[in-house]
Amino acid sequence: MAATKTATPWGPADLVEELTVRQQAGERRFASVVQLLETARGERLVRFAYTTDGVARRGPVTLRARDIEKLRALLLQHPALAEALDLQRGG
């Protein structure tokens, strides 16, 4: 993935990894996006967003149980994001 700069409340950050969980509610199709970002100081940030028509939106991200399963499967292909989220801890 090519380095992409993005703005955060902590300043600019590089996009390290990104995954997309495709979702549907009735006839509506949308997706949740999980991004691993890294600041110039090396701090890693995880950002959740949702998209409609390919445009990222602000607001709450809602995942159903089956969407969480999709997220877990996608994390197998995104090891840095998986490490940052550490969903196995405490399990």
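## Exercises on salt bridges and a pocket

K70 is partly exposed, its relative accessible area being 38%; on this scale, buried means under 20%, exposed over 50% and partly exposed in between, with a 1.4 Å probe and protein chains only. The model is predicted, which is why local features need pLDDT of at least 70 and side-chain atom pairs count only at pLDDT 80 or more, while totals for chains, interfaces and linings use all residues. Residues are numbered from 1 along each chain as its sequence is written, and side-chain values use heavy atoms, with hydrogens and water left out.

**Exercise 1.** Find the partner of K70 in a salt bridge, and state where the two residues lie.

*Solution.* Begin with the criterion: a salt bridge is a side-chain nitrogen of Lys or Arg within 4 Å of a carboxyl oxygen of Asp or Glu. The side chain of K70 meets that of D67, with 3.9 Å from N to O. Next, locate the pair: K70 and D67 both belong to helix α1, which covers residues 65–75, and they stand three residues apart, about one turn of the helix. Helices here are DSSP runs of H or I with at least four residues, strands are runs of E with at least two, and both are numbered from the N terminus. Then turn to accessibility: D67 is buried, because its relative accessible area is 0%. Finally, widen the view: R64, D67 and K70 are linked in a network of salt bridges.

**Exercise 2.** How many salt bridges does the structure hold, and which residue does E69 pair with?

*Solution.* The count for the structure is five salt bridges. In one of them, E69 pairs with R72 at 2.8 Å from N to O; these two residues also lie in helix α1, three residues apart, about one turn of the helix. E69 is partly exposed at 47%, and R72 is likewise partly exposed, at 39%. Another salt bridge joins E38 to R44, whose closest N and O atoms are 3.1 Å apart. At 25% relative accessibility E38 counts as partly exposed, and R44, at 42%, is also partly exposed.

**Exercise 3.** Describe the largest pocket by its volume and its lining.

*Solution.* A pocket is an open set of points on a 1 Å grid over the protein atoms alone where a 1.4 Å probe fits, with protein on both sides within 12 Å along at least five of seven lines, and lining residues have an atom within 4 Å of a point. The largest pocket holds about 270 Å³ of space, where grid points are joined across faces, edges and corners and the volume is the space filled by probe spheres set on the points. Its lining includes E18, Q35, F48 and G59. Two or more lining residues come from each of β3 (28–39), β4 (44–52) and β5 (55–57), and β4 gives the most, with four residues. By class, the lining has four nonpolar, three polar and four charged residues; Ala, Val, Leu, Ile, Met, Phe, Trp, Tyr, Cys and Pro count as nonpolar, Asp, Glu, Lys and Arg as charged, and the others, Gly among them, as polar. To finish, take G59, which is found in the loop between β5 and α1 and counts as partly exposed at 43%.
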